[in-house]
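Please examine the model shown here and follow the paragraphs with the structure in view.

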Amino acid sequence: MSSPPVLPDGWTLVALETVGSTNDEAARLADCGAPEGTVVWSREQTGGRGRRGRRWSSPIGNLYSSTILRPECAAAQAAELGFVAALAVADMVPPGRQVRVKWPNDVLVDGGKIAGILLESAVANGGRVLYVVAGIGVNVGFAPQLPEMRYPGAALGGTVETALETLAAALARRLADWRRDGFFGVREAWLAQAGPLGAEVDVKLGDGLVRGRFAGIDQEGALLLDTADGPRRIVSGELLGRAA
Ligand code: BTN
């Protein structure tokens, strides 16, 4: 039996064998006052959730974790944490493999999706964030291939315990950077690992599709596209696999 994962100083691990969704358990604990750095980790999830109401296949063998964050910011700013989380996942990848972040917060390794990030927050009446749950699923032992997936899957390899330690350490580091430098530094680091500027991309907006050339992200994390009809700023949508 391997030793339990070691988390950064001041962080606390809640280790479960099985749960519906680690995000739900983390939100429940946060509602009861659990502090930042509380990490809910489960060997499997019976109701793992992805973005846009998709399910997240969660059998034993991959990493399912949700970390409580208390960023003390306005709700709009909390979306920046998705980029922070994506950078932390990218930090987990050993040298020699190609890492690319995809807007808004996908991480691809050698062209395959290695992780999923689902941020869920609670906001007070005045608009301040009470907490954010950063739910992160990382393919460690295997890469699920589901028909609804926009990218092929990829897996990190190694053990789930090591992956959790590496992820928590990277998340703590990237969070500290965000608190110190704001989104400016996060954006720079994210762009350095994104696809090339000018690459052709498709973005799904509801039922429609926008085609254009990748022009980066702005100071609020919105996607910038150069389209045939001029520049476009996209706040919410899904990047579909083409070049960038
Ligand atoms: C995506 O659609 O890409 C996001 C997937 C997020 C999955 C993780 S696994 C841990 C946490 N618990 C959940 O139910 N979802 C997130």
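Glu72 is exposed, with a relative accessible area of 64%; here, buried means under 20% relative accessible area, exposed over 50%, and partly exposed in between, for a 1.4 Å probe and protein chains only. This is a predicted model, in which local features need pLDDT of at least 70 and side-chain atom pairs count only at pLDDT 80 or more, while totals for chains, interfaces and linings use all residues. Residues are numbered from 1 along each chain as its sequence is written, and side-chain values use heavy atoms, with hydrogens and water left out.

Glu72 belongs to the loop between strand 3 and helix 2 (75-78); helices (H or I, at least four residues) and strands (E, at least two) are DSSP runs, numbered from the N terminus. Although Glu72 is a residue other than glycine, its phi is positive, near 50 degrees. Arg52, also not a glycine, has a positive phi of about 55 degrees. Arg52 is found in the loop between strand 2 (38-45) and strand 3 (63-69).

A further backbone feature concerns a proline. Trp103 and Pro104 are joined by a cis peptide bond, with omega about 0 degrees. Pro104 sits in the loop between strand 4 (99-102) and strand 5 (106-109).

Consider next a pair of helices. The axes of helix 3 (residues 80-91) and helix 5 (residues 183-192) come within 10 Å and cross at roughly 45 degrees; axes are lines fitted to C-alpha atoms, for helices over the stretch in contact, and angles run from 0 to 180 degrees between N-to-C directions.
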